Amino acid sequence: MPRDGAKIYHRPFPDVVPDTTVESTVYNGFVADVEADLNAPRPITAGGTAAITATEALVNLGGQHSAIIVTNYDSHVWLPGSFYSAAGATGAPVAGHAFAGIIYSSDPIAYPPANLNLIVEARDQNDTTVPGRLYVREKKAGVWGAWVEQLGGFTEADARYVNVAGDTMTGALTLTGVNNISYNGTHAGYFYGSPVEASRFYVGSLGDVWHVYHNTLGSRLSVDGVTGIVTLSAGAAVPTATLGLATTAVANTAYVENRASAYGEYFASLRVAKSGDTMTGALTVNGVITGQSALVVAGHATLGNGTVNGGVLYMNATNSHYIQSSGGVLNYNGQTVYHTGNLAFPASVTDIRFVYAGDWYYTAAGIEEPYGGHACVTGGWTRNNYLRHRYCQMLINGAWANANVA
Amino acid sequence: MKIINHGRWVPYKPSKASGIFPAWVSYFRRESDGQDWYDYIYREDTDDNGRRRVTVRDFLSSAVSIKCAAIFQPAFSAYIIGPAVADVTKLCPINQHVFEVTGYTGSDNPQEYFGGRVFDPAALAIRDRPPPPQPIDPEIAELKKTIENMQAEIAKLVRG
């Protein structure tokens, strides 16, 4: 061999003595050694590539390939460098698309390559929205992962992610981490939303400790998520202070209980609902009910329900005038209605009148009712056989009706 | 003056009471078409508070028209005018003609002008009333009756 293990060429024979004949053995051996060296791959240390092929030489020199044609992404023997594949290559990121890309390798340089740890970047040459959309695939310890599509351009990024300069989210934002919100501004942050119950803010564990939200009863601050009690401070020096309905009184402890729901329900239970309700206690009106229709009962009004004689309807301030049913008889001031003194008539009668019917000329003795009996004689005795007649009219429902004959 | 004849009115008993009055009041209807008198002069509606009320119909409540009723008196063989009023509710036209006079420019007391005069429903005219027949002395009437009885007896005998 003309070269040692370090690829150093050594002369096969020592120098011959000057001005002497060279032995054939030495000459032939030298020529054969040179021939062998010239036909063997020249080592890199001697300015060669130590390879018998271009690919091997490229590998030996640590260079990267270019324009590698890939027809099967799964079985291709990858060498670092650039590649491309025509549409239809097996295992491409998008079937039917042509790709061009770069292959990275962290394997030691070897030929043939080990192909155990690779990263393949392939850019789609047929994507219609993002030019050269990037797909990445990684091989770790000899196992391929799946192609992963990479985000393409600002437009696509704006459609996917919230801008730090301000943006509007159309979907829900779920924060699962701890201490995942911090706000260092001068104002407190707030949440709002619709419908009711949509905005809710917890401090601490979900549904416990601090709990601020808005529901159908209005805004509520609930420090204790269970009882809704807010404790302001505790200690003997602070007097007890209660706001709202305190269900738990703690001596020498100032606390605010904000229970909007219980508060509203409690006061609602004290009042008669407009939509209809049942009172269990008495209704006392100390003021004056004014207006012609101030008190209207569409249905029946019952006085003294459950009693034998019924209730009493008082009609003056001293209760001296009243109407009452007694044993089935309607009483006024404790006596039957038709009792002397019960009925006070007006100074003049305004709902009964006698209107003029006519003057009838009677020609003979006898009985006549020229007006059908509906008019009566109201005049004095006849003068020249005339008698004056009048009708009796009653004012009923705002109109005058004529009295009938009986 | 223009005279509008509202027809002759007669008593009747309605099958059911009107919405205004109970059944026991006196009801009248027009002889020609059965029109109820109360429905003719009144209407039912509601006031501003939604309460039911009864008002007089406009066409009979004109302040300038005079409403009259006239009853037929055999003594004069004519319709003698009784009430002559502006307020139609004061009429009770049983067995009487009701007519309305527009354009009356007489005295403020139309009763004085129309009362006791004759109403001609055919000619829609108002005339003065003829003098009443002289009252018959009861003794003369008795004598006439006796003569009539004797004449009847004589007639029987003649036929006899």
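Modeller: One term before the surface: a residue counts as buried under 20% relative accessible area, as exposed over 50%, and as partly exposed in between. Keep in mind that this is a predicted model.

Colleague: OK. Where does A:Val22 fall, buried, partly exposed or exposed?

Modeller: A:Val22 has a relative accessibility of 40%, so it counts as partly exposed. It sits in the segment before helix H1 (24-39) of chain A.

Colleague: Charges next. How many salt bridges are there over all chains?

Modeller: The count over all chains is 13 salt bridges. One of them pairs the side chains of A:Glu149 and A:Arg133, at 2.7 Å from N to O. A:Glu149 is in strand E7 (residues 148-149) of chain A, while A:Arg133 is in the loop between strand E4 (118-124) and strand E5 (134-140), so this pair ties together parts that are 16 residues apart in sequence.

Colleague: And are those two buried or exposed?

Modeller: A:Arg133 is buried at 5% relative accessibility. A:Glu149 is partly exposed, at 40%.

Colleague: Which residues are in the salt-bridge network with that pair?

Modeller: A:Asp127 and A:Glu156 are linked with A:Arg133 and A:Glu149 in a network of salt bridges.

Colleague: What about A:Lys140 and A:Glu138, what is their N to O distance?

Modeller: Their side chains meet in a salt bridge at 3.9 Å, N to O. A:Lys140 is exposed, with 53% relative accessibility, and A:Glu138 is partly exposed, at 35%.

Colleague: Cysteines, then. How many disulfides over all chains?

Modeller: The count is zero disulfides over all chains. As for individual cysteines, B:Cys92 is buried, with a relative accessible area of 2%, and A:Cys392 is partly exposed, at 22%.

Colleague: Which residues does A:Asn402 contact, sequence neighbours aside?

Modeller: Leaving aside neighbours within four places in sequence, A:Asn402 is in contact with residues of chain A including A:Tyr391 and A:Cys392. From chain B, its contacts include B:Phe28, B:Tyr38, B:Leu91 and B:Cys92. A:Asn402 lies in strand E21 (residues 399-403) of chain A, and it is buried, at 2% relative accessibility.

Colleague: Switching to sheets. What does E4(A) pair with?

Modeller: Strand E3 (residues 99-105) of chain A is joined to E4(A) by seven bridges, running antiparallel. E4(A) is joined to E5(A) by six bridges, again antiparallel. On the E5 side, A:Leu118 has A:Lys139 as its bridge partner.

Colleague: Which residues are on the covered face of E4(A)?

Modeller: The covered face has A:Leu118, A:Val120, A:Ala122 and A:Asp124, and the uncovered one has A:Ile119, A:Glu121 and A:Arg123. In a regular strand the side chains alternate between the two faces of the sheet.

Colleague: And the four-strand sheet, what is its order?

Modeller: The order is E14-E15-E16-E17 in chain A, an open sheet with antiparallel pairing. Strand E14 (312-314) and strand E17 (335-336) are the edge strands, each pairing on one side only. Two bridges join strand E16 (residues 329-332) to E17(A), and A:Tyr332 has A:Gln335 as its bridge partner there.

Terms used
Residues are numbered from 1 along each chain as its sequence is written. Chains are lettered from A and ligands numbered from 1 in the order in which they are written. This is a predicted model: local features need pLDDT of at least 70, side-chain atom pairs count only at pLDDT 80 or more; totals for chains, interfaces and linings use all residues. Side-chain values use heavy atoms; hydrogens and water are left out. A disulfide is a pair of cysteine sulfur atoms within 2.5 Å. Buried means under 20% relative accessible area, exposed over 50%, partly exposed in between (1.4 Å probe, protein chains only). Contact means heavy atoms within 4.5 Å. A salt bridge is a side-chain nitrogen of Lys or Arg within 4 Å of a carboxyl oxygen of Asp or Glu. Two strands pair if DSSP finds at least two bridges between them.
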